[in-house]
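Keep the viewer open as you read.

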Amino acid sequence: MTEPLVPHAARASLLRRYWPLLALCALISAIVAVGSLGSEQMQVTMTEMLIRLIVVVGIYLFIGNSGILSFGHIGFMCIGAYAAAWATVDPAWKQMMLTGLPDFLQQNQYGFLPAVAGGGLLAGLVALILGTAIMRLSGIAGSIATFAFLAIVNSVYSNWESVTAGTSSIIGVPNVVGPWVAWAFAIGALVLAFAFQVSRWGIMLRASRDDEVAAKSSAIGVVKVRLIAFVVSAVIAGVAGALYGHFLGILTADTFYLGMTFVTLAMLVVGGIGSLTGAVTGVLVVTLVVELLRHLEAGVPIAGSTVHLPQGSQEIGLGIVMALIMVFRPTGLTRSREVPWPFTRRARRRKMEVAPAR
Amino acid sequence: MIGLLQNLVDAASLGSLYALAALGVGLLFGILRLVNFAHGDFISIGAYALIVPSFEVTAQLFIGTWSWWLMIPTITLIVVIVALISDALVFRPLRRASAPTLMIASFAVSYVIQTGILLVYGARPKAANLWAGLDTPLMVGDVRVPLLQVITIVATLVLMAALTLFLKRTRYGTMMRAAAEDFRMAQYLGVRGDFVIGLAFAISGVLATAVSLLYLSQTGTLSPTMGVPLALFAFVATVIGGMGSLLGAVVGGFVVGVVVIMLQAYLPADLRAFRDAFAFTFVILILLVRPSGIIRTRALVERV
């Protein structure tokens, strides 16, 4: 945490307190504003990046504050995506393909916003039930339990033909999510994550991350604050899933499995697992690397001839770049710090910087 | 009754594979606190090394046609070298990194290996016929026991016995156990850290080779992601068995094998598609009852 700690907090102005959030929101808005002038391909890439940003911020809210690595959030994304699609897909198609849906979903068609809200809500509800059971597990046991949850979601959603159309996938989800819609939700996710981490619960949860025993003995209900973070972050992931479904227009359960889990966790680790700035940085940097490699793979004209990397070098390149970043910056590109306040003199800033938790 | 016996044999054979894979994962976790996602890809490499690189659907055996006493050491060597290279390039610079960073790094290694296989051999699954003669069933009473399953179980037992002897009776084995107990203390007492970790990677490579040969001869198909489900079940096995305990890894492997086979056999037909969902629900239940696994280890108990 580079949040001004207690002695400074009293003096710190409101602006300074919310500086990291403002800086990140401004950065994202600037990128979207510039990008929206670009090509159609650019818009698509940017929308996908913003949706990933929402997922990663959601995952950060739980992992970064609690210190428990969760593999389960892509499962919540899956739940949110399907729930929202159940609401917005054409009823005629639902009656034909999704015969197991309850009547209120099967017979009706709902708007985009209620559908997204429903997706987030269902994900949060599942998180509440699952979290009540598993939030007392710490460390690797907790991680594997969330992983088991991901596998359960994948198994259920790929095989429950009458509700999810199984392997033949849900088609005809309205394509309504563009860069500005995704931007609005991304800003919302940033605000929510920042508000949580400076709140009482966020600080208690961070205390339990740094020293669980000490936190417990200071009367922090570790399981309770973990559960709160888990549910909030699941809601964010569920909303992101709903957006992703309405961005792709088609849903398959395998979209939300190991590949997506890997990419999102890698973004968080590359940026720095312990700060909101890290989450945002990771998404931006990894997206940039992927796009760069994709361009190189497609071919770059150099001196009259087109030079291009062999097929598949994009994936290998991404793996190598990530391994390199981790080798040289094991605590992430931001070293898990927030954006520093720029108007402090150097000597004082050094005093204020607190070493990252791990 | 005969059905039950038959299922038990299947469970023991599948459990053996999971136990072997879990041993490889558990060994590295014990010493390095690394949850190695790339272990599944070490297994895939062992299988792909047997065939001629091509995009054909039917795999042409290459090293696979050699007689077993030449083939097994060659394949083992290849897998061990890959394991050691991944240690040297990625994990050695990350010795002081946190557990999540290590885990994501192993994810990255896995990703690179999978794409590498994809580039050389193509994405489509391939059929390969390794050791076709081993399909002949033995009849024990009324129970049909494929010879291959017997070999799987026996090979697992032999490997486990060898590993136990190595860990308990040799100098290097003692070093490894000391490093698993308390890595820094072992270093103070003269155990060379990088050497022991390299050794652990090599042994996990040997175990991965055994899994890949046995698994390939049972299923007869290769795909770039073939090792992933094996590795996933191996993690689960290591965790429910007791992270950091090798006995725990073996016990966990067999538990997972039994659970999967029994669900497959006794779930009602319309629920059978959800077998994995039930298996993983069972995993969560075990974790809730015994968060530190079936076999508890002292090394994982956090001291205050």
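**A helix and an interface**

At the start of α10(B), a side-chain oxygen of S245(B) comes to within 3.5 Å of the backbone nitrogen of L247(B). Helices here are DSSP runs (H or I, at least four residues), numbered from the N terminus. The model is predicted: local features need pLDDT of at least 70, side-chain atom pairs count only at pLDDT 80 or more, and totals for chains, interfaces and linings use all residues. Residues are numbered from 1 along each chain as written, chains are lettered from A and ligands numbered from 1 in the order written, and side-chain values use heavy atoms, without hydrogens or water.

Helix α10 of chain B covers residues 246-266. Its 21 residues reach 30 Å from first C-alpha to last, close to the 30 Å expected at 1.5 Å a residue (1.5 Å times one less than the number of residues). Buried residues of α10(B) include G252(B), G253(B), V256(B) and V260(B) (buried: under 20% relative accessible area, 1.4 Å probe, protein chains only). Their cover includes α1, α5, α9 and α11 of chain B.

Now the interface. In chain B, 38 residues are in contact with 40 residues of chain A (heavy atoms within 4.5 Å). The elements of chain B that give two or more residues to this side are α3, α4, α9 and α11. α4(B) gives the most, with 12 residues. By class, this side has 32 nonpolar, 5 polar and 1 charged residues (nonpolar: Ala, Val, Leu, Ile, Met, Phe, Trp, Tyr, Cys and Pro; charged: Asp, Glu, Lys and Arg; polar: the others, Gly among them).

Key. Buried < 20%, exposed > 50% of the residue type's maximum accessible area, 1.4 Å probe, protein only. Polar contact = N/O pair within 3.5 Å; in protein donor to acceptor, adjacent residues only side chain to side chain.
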